[in-house]
Amino acid sequence: MSEHRTDEVDRLKRSIDWKQGMAIALGVPLLILPSLGYLPLWTSAAAIVIWGLSVIQGFMQNAAYAEMATTFPKASGLPGFAQHIFRTENFTGKYDKGKLIGGFSAWSYWFAWNPVLAIFAILIGGYLHGLFPILGETFTEYQLSLLSGLVIFTGLSVVNWFGLKDGAILGYILGVLSLIPLIVLTVAPFATGHVDLANITGNWLPADWTWDMNHILILLGIFAIAQWSACGWETAAIYGPEYKNPSKDVPKALLAVGLICFLSYVLVQAAVIGVLGVDGVIAEPVSPLIPVAQAIFGESGSLLTIIMLIVAMILIIQTAYLGSSRAMHSMATEGNLPKFFGKTNRHGTPFVALLVTAAFNMVLISVGSMAAILAAAAIGYTFANGISLFAYVKAKKHPSFANLERPFKAPKGWKHVAMLFGLFNLPLCLVGVVYLNSLEIGWGATWVGFIVLSLYIPIWYYSQHESSKHHKAADDAHALDLDESDPELVPDPIR
């Protein structure tokens with residue numbers, strides 16, 4: 001049971017099944033878009049293999065997350081159960097360092113998902129600037145990005161105000177409008193013979209690639225960037241408190257989205273490299289799907305692709321918006337953020353978290369560099385995954401959790417798998433992404449990432465101070481009630 005109790009108004013409502021959870025998470029396959037041209041820059045056609053391995057990594061990690069999400073059905077996925085597990089049992093002091101670790105994991109997860117909104121708003125602004133000349137004459141690309149963010153965040157706030165069920169309906173609509181054209185654009189190059197297998201088999205790795213420490217660190221950094229996209233379907237588990245039947249809905253939603261991700265990530269990257277070649281992809285790093293569409297469907301195909309991609313980006317913004325707001329709500333209900341951030345409306349929507357997330361991303365858009373924002377977010381994601389996997393290991397071994405009912409169980413011995421991938425994230429992928437950032441975009445993104453993550457420490461200490469005052473006031477009120485009901489203190493009317 002959470003140490004930090006919340007009022008009924010601040011609890012999420014169980015309103016969705018696994019199909020609706022899957023629909024909300026369907027934006028995850030589209031997370032490949034910012035990195036579709038980035039991975040081949042460093043690894044050539046081996047990017048196809050990296051995507052596949054990264055999704056398999058997601059299956060390994062998400063089996064543990066599914067077990068935890070069903071063991072702690074009131075917790076919001078990764079950010080929720082990590083906070084619960086690391087909290088010190090029967091702690092009576094003011095600052096529980098275990099809560100700090102769990103809260104930091106949730107904060108890292110929030111920071112990993114949060115910038116998705118800004119990244120795709122920037123992309124949308126760029127596409128609109130190139131697609132409609134009249135807009136290009138009126139606004140700069142930067143202004144269009146800000147305007148796109150403002151319009152999209154406002155619209156999604158209105159839609160999601162009425163609860164997660166309506167967010168799932170929007171996910172269905174956008175999923176059909178974006179995933180089907182994406183599948184067509186992926187399959188069509190193979191069906192029409194536009195894919196040249198020599199572009200793939202003849203360019204597995206860059207000509208200067210050697211297995212020295214420099215390239216191993218680069219590869220670890222690439223895996224950190226790739227998992228930010230390819231493992232992101234764990235977001236289907238974050239809605240644990242809102243599934244009608246978490247024990248069945250969580251694993252079904254995760255499996256369905258995972259299979260879609262595996263097929264889409266491998267085939268999309270293979271199609272793009274097969275049509276354009278590695279050099280062609282590098283020449284179009286932002287959106288190589290556009291020249292692929294032009295090669296297959298002509299100029300009209302290019303227009304259709306941009307429109308499809310814009311719709312797809314709105315879908316992934318919706319996925320990230322919901323995921324990051326639930327992470328913030330979870331931190332507030334666990335006492336790791338000030339209570340204010342956990343406020344919900346009568347529909348069970350954490351509206352304060354939604355508004356804060358939108359405002360934070362409007363600030364991020366002003367940074368202007370999509371690569372820098374993604375690099376910083378990837379740092380947060382390695383922390384979130386690493387700590388969450390260590391939480392799973394603790395839950396399997398600690399006496400307080402070892403005997404809890406587990407409606408869904410990962411395969412026997414999975415704690416060893418979780419420990420292996422936890423160490424892969426921390427420290428290996430973390431070191432790799434910091435090294436890769438230093439080579440690609442300098443140290444700015446790394447500093448932004450660590451500064452935002454470190455800001456959590458003073459916020460956490462403030463929330464513990466607030467929680468302590470709240471509990472003292474509650475104890476005083478309880479003591480007063482006891483005094484007033486004491487027979488020795490109540491006058492006897494007979495006497």
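Because the model is predicted, local features need pLDDT of at least 70 and side-chain atom pairs count only at pLDDT 80 or more, whereas totals for chains, interfaces and linings use all residues. Residues are numbered from 1 along each chain as its sequence is written, and side-chain values use heavy atoms, with hydrogens and water left out.

The protein chain has 20 helices and 0 strands, where helices (H or I, at least four residues) and strands (E, at least two) are DSSP runs numbered from the N terminus. Of its 495 residues, 57% count as buried; buried means under 20% relative accessible area, exposed means over 50%, and partly exposed covers what lies in between, with a 1.4 Å probe and protein chains only. Among the contacts in the chain with a separation of 6 or more, 83% come from residues 24 or more positions apart, a contact being heavy atoms within 4.5 Å.

Two packed helices are described by the angle between their axes and the distance between the axes. Here the axes are lines fitted to C-alpha atoms, for helices over the stretch in contact, and angles run from 0 to 180 degrees between N-to-C directions. The axes of helix α1 (residues 18-25) and helix α12 (residues 246-283) come within 8 Å and cross at roughly 40°. That makes α1 oblique to α12, since angles under 35 degrees count as roughly parallel, over 145 as roughly antiparallel, 65 to 115 as roughly perpendicular and the rest as oblique. The crossing of α1 and α12 is right-handed, a term used if the near helix is turned clockwise from the far one by less than a right angle, with left-handed used if it is turned anticlockwise. On the α1 side Trp-18, Met-22 and Ala-25 take part, and they meet Asp-249, Lys-252, Ala-253, Ala-256 and Val-257 of α12. By class, this contact of α1 with α12 has 6 nonpolar, no polar and 2 charged residues, where Ala, Val, Leu, Ile, Met, Phe, Trp, Tyr, Cys and Pro count as nonpolar, Asp, Glu, Lys and Arg as charged, and the others, Gly among them, as polar.

Pro-79, Gly-80 and Gln-83 of α4 make the contact with Ala-327, Ser-330 and Met-331 of α14, and by class the contact of α4 with α14 has 3 nonpolar, 3 polar and no charged residues.

Turning to the aromatic side chains, a search of the whole structure finds 16 aromatic pairs; rings of Phe, Tyr and Trp (its six-membered ring) pair if their centres lie within 6.5 Å, and planes under 30 degrees apart count as stacked, over 60 as edge-to-face and the rest as tilted. The rings of Tyr-95 and Trp-460 have their centres 6.3 Å apart and their planes at 45°, so this pair is tilted. Tyr-95 lies in the loop between α4 and α5 (97-113) and Trp-460 in helix α20 (residues 456-485), so that the pair links distant parts of the chain, 365 residues apart. Trp-460 counts as buried at 0% relative accessibility, whereas Tyr-95 is partly exposed, with a relative accessible area of 29%. Trp-460 also forms an edge-to-face pair with Tyr-461, at 5.0 Å centre to centre and 80° between the planes, and Tyr-461 is partly exposed at 30%. Elsewhere, Trp-107, Trp-110, Phe-360 and Tyr-456 form one aromatic cluster.

In helix α13 (residues 289-297), the buried residues include Leu-289, Ile-290, Pro-291, Val-292, Ala-293 and Ile-296. Ala-295, also found in helix α13, counts as partly exposed at 40% relative accessibility. Leaving aside its neighbours within four places in sequence, Ala-295 is in contact with His-194 and Val-275. Just after α13, Gly-298 takes a positive phi of about 85°.

Most residues other than glycine have a negative phi, and most peptide bonds are trans. Ser-44 has a positive phi of about 55° although it is not a glycine; this serine lies in the loop between α2 (38-43) and α3 (47-71) and is buried, with a relative accessible area of 6%. A cis peptide bond, with omega about 20°, joins Leu-426 and Pro-427, and Pro-427 has its place in helix α18 (residues 414-440).
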